[in-house]
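Work through the exercises below with the sequence and the model at hand. Each task is followed by its solution.

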Amino acid sequence: MAKLMDKFFGATKKSSTGEDEFTELDLSKYEEVVGEEPAETYVRVAELTNLNDLALLKKEVYEGNILMIDISTIKNDKLMLDRALKDLKDVVVDVHGDIAGLKEDQVLVTPTGIKIDRSKIVGGRY
């Protein structure tokens, strides 16, 4: 999970010398906490390690939250990966949400009323 959090919030990988080097990014000055104000929708970062994790992930989608799921630990088990993605797809169909792969190891799952735009914004254009 730490590796996934580093991808989004902590470190940037450089490979200029062929070795993995990391530069720590301090994003705290850009983050602003709005107190303990509740929200209708949360973006949750999750890691899918086995099929037992699915119950909690599906509950989050039914509660209206957006999930960014790291599937790197199960992606080599084709049967488990297919089963997990089918279960997530069934939830998305049930709530009229959306599901899409991000890179090789991540899946984005959205609840009712939130669709994923699959076009990329580059240089201010789609």
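**Exercise 1.** Classify His-96 as buried, partly exposed or exposed.

Solution. Buried means under 20% relative accessible area, exposed over 50%, and partly exposed in between (1.4 Å probe, protein chains only). His-96 counts as exposed because its relative accessibility is 57%. This is a predicted model, in which local features need pLDDT of at least 70, side-chain atom pairs count only at pLDDT 80 or more, and totals for chains, interfaces and linings use all residues. Residues are numbered from 1 along each chain as its sequence is written, and side-chain values use heavy atoms, with hydrogens and water left out.

**Exercise 2.** Which residues touch the most other members of the largest nonpolar core, and which element gives the most to it?

Solution. A nonpolar core is a set of buried Ala, Val, Leu, Ile, Met, Phe, Trp, Tyr and Cys residues joined through side-chain atoms within 4.5 Å. The largest has 18 residues, and Leu-48, Leu-57, Ile-69, Ile-71, Leu-88 and Val-109 touch the most other members. Two or more residues each come from helix H2 (54–62), strand S4 (66–70), helix H3 (78–95) and strand S6 (106–110). H3 gives the most, six residues.

Methods:
Helices (H or I, at least four residues) and strands (E, at least two) are DSSP runs, numbered from the N terminus.
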